[in-house]
Amino acid sequence: MSAAVISEKEIRMAPKKEKHRILGLDIIRMIAIICVFITHGIAYKGVININPLSIKWTLYMILRFLSMTCVPLFLLLTGYLNDKKEISSQYYKGIIPILISYLCISIIEIIGVAIYTGSTIDVLQSIIKILNFSVNSYAWYFEMYIGLFLFIPFLNILYHHLKTKQEKKILVGSLVFLTFIPQMVKSFKLGDMWLDITPDYWQIIYPITYFYIGKIIKEYQPKIELSKRILLFIVALAIPCIFCYCYSTETEYAWYIFNGFEALTNAFTAVSIFLIFYRFDKKIPVLEGIIKEISICSFEMYLFSSIWDKYLYSKYQFHLFLMVFIIIGLTYISSKAFTMIRDFMIKCVKNIRKTSR
C-alpha cells in the first residue's frame, strides 16, 4: 500500500514498534541513580567529616568522588539520546509525564510530612513550594532540566549547523573553559589568595557542556580500547582523591578541592564511565531485567528518595551501604507503583480523547 493513501486513522491505529533499548545506556542510568543515593547518604551520615586521613575515611572519599558523577552521567545521556529532537508539539508534549511525576510526588511528600510531623497542610504555601521547587529537596534537578528541555531543539540547531568536527570541538572546548576550568583553578591558593583567575560567570551553564559532550559521543562513537577507558577512569578518579587527601588535615576535610558537578576531574570520571558502558549491548540474563526496570524508573526514584532519605536517616542509624540498599528498594517500589498508576491514567485520558473524535 502506498504511504500516500494511508489514512490518518490507520496511522494512529497501526502498532508502534518498540524502540530497542541499549543495555549499556540503561547501565549508565542505573549507575547514575545509585550514585545519587550514595552521595546523599554520605552527606546525611556525615562520614566524610569523621577521622580525616584514616583508611576508612579515604575509602569514603573515593566513593564520594565516584558518586559525584551522578548528575554528569544523566546530562551526558540527555545529550546522547536527544540528538534528533526538533521544534514540534510532539516534542514539547514529552515533558508531560515527568511534569506529572514531579507534581504528584511533591503532593505525596507534602501529605507524608504532614502525617509524620502531625502538622496541618497550608494549601497556598504548599502550592508556592511546588512552584518554586522547594517542597522536594532534590527538585533542583527538575528545575534545571526544564530549562535544558526547552533549549534542546535550539542547541541541536546550533550544533548541526557547525560544518566540521573542528568547529564542534571548539564549541565544546569553549564551554569546558567557561564551565569546568574555573572550579578546578579556584580549588587552590597562592599564599592567602584563592586562584580565582578564570572567568566563572558562565559556570552555571555546565549542563549544556555535558549535553554537547554527549552529542559528540553520539555522533562520532569513539572507539577506544576498553583497557584505555578503564585507565582513564582510574586516573580521573585518582587525581581529585590525591589532591583532597593532601589538602585535608586530621581535623578537617578539604571540601573545596574539585567540589561540584562542574569540576573538571568529575567530568573526566563521568565521561570515562560513559565510554566504558555506552556501546555495551550484550545479553545478561536476570540482571538485564533489573537494570532496565531501575533505568525506566530512575527519575521517579530520584524524587521519591527525598521522602525516604528524610525519614530513614533521621530515624535509623544503619550502616551507609545497608541504608543505600534499603532506599534503592523502597524508592523502586514507590516509583514502580506510581508510574503504573500514572501511565494507566494517561492511557485512559488518551482513549477517551480518541473515542470522542
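Tyr-210 counts as buried because its relative accessibility is 0%, where buried means under 20% relative accessible area, exposed means over 50%, and partly exposed lies in between (1.4 Å probe, protein chains only). Tyr-206, at 9% relative accessibility, likewise counts as buried. The structure is a predicted model, in which local features need pLDDT of at least 70 and side-chain atom pairs count only at pLDDT 80 or more, whereas totals for chains, interfaces and linings use all residues. Side-chain values use heavy atoms, with hydrogens and water left out, and residues are numbered from 1 along each chain as its sequence is written.

A pair of aromatic rings is described by the distance of the centres and the angle of the planes. Rings of Phe, Tyr and Trp (for Trp, the six-membered ring) were taken to pair if their centres lie within 6.5 Å, with planes under 30 degrees apart counted as stacked, over 60 as edge-to-face and the rest as tilted. A search of the whole structure finds 35 aromatic pairs. One of these joins Tyr-206 to Tyr-210 in an edge-to-face arrangement, with 6.2 Å from centre to centre and 90° between the planes. Because Tyr-206 and Tyr-210 are four residues apart in helix 11 (residues 206-220), about one helical turn separates them; helices here are DSSP runs (H or I, at least four residues), numbered from the N terminus. Phe-133 and Phe-142 form another edge-to-face pair, at 6.2 Å centre to centre and 65° between the planes, and both Phe-133 and Phe-142 are buried. One aromatic cluster is formed by Phe-74, Tyr-138, Trp-140, Tyr-141, Phe-261 and Tyr-302.

Charged side chains also lie over aromatic faces, the criterion being that NZ of Lys or CZ of Arg is within 6 Å of the ring centre and within 35 degrees of the ring normal. Lys-218 lies over the face of Tyr-80, at 5.1 Å from the ring centre, and Arg-64 lies over the face of Phe-65, at 5.9 Å from the ring centre.

Helix 11 also packs against helix 9 (residues 165-179), their axes coming within 9 Å and crossing at roughly 150°, where axes are lines fitted to C-alpha atoms over the stretch in contact and angles run from 0 to 180 degrees between N-to-C directions. Helix 9 is therefore roughly antiparallel to helix 11, given that angles under 35 degrees count as roughly parallel, over 145 as roughly antiparallel, 65 to 115 as roughly perpendicular and the rest as oblique. Residues in this contact (heavy atoms within 4.5 Å) include Leu-171, Val-172 and Leu-175 of helix 9 and Tyr-206, Ile-213 and Ile-216 of helix 11.

The axes of helix 6 (residues 96-117) and helix 16 (residues 320-355) come within 11 Å and cross at roughly 125°, so that helix 6 and helix 16 are oblique to each other. Pro-97, Ile-100, Ser-101, Cys-104 and Ile-105 in helix 6 meet Phe-338, Arg-342 and Ile-346 in helix 16. Leu-103, placed in helix 6, counts as partly exposed at 36% relative accessibility.

Most residues other than glycine have a negative phi. Leu-53, in the loop between helix 2 (23-45) and helix 3 (55-67), has a positive phi near 75° and is partly exposed, with a relative accessible area of 26%. Gln-221, in the loop between helix 11 and helix 12 (226-247), has a positive phi of about 40° although it is not a glycine, and Gln-221 is partly exposed at a relative accessible area of 23%.

Terms used. Helix = DSSP H or I, 4+ residues; strand = E, 2+ residues; numbered from the N terminus.
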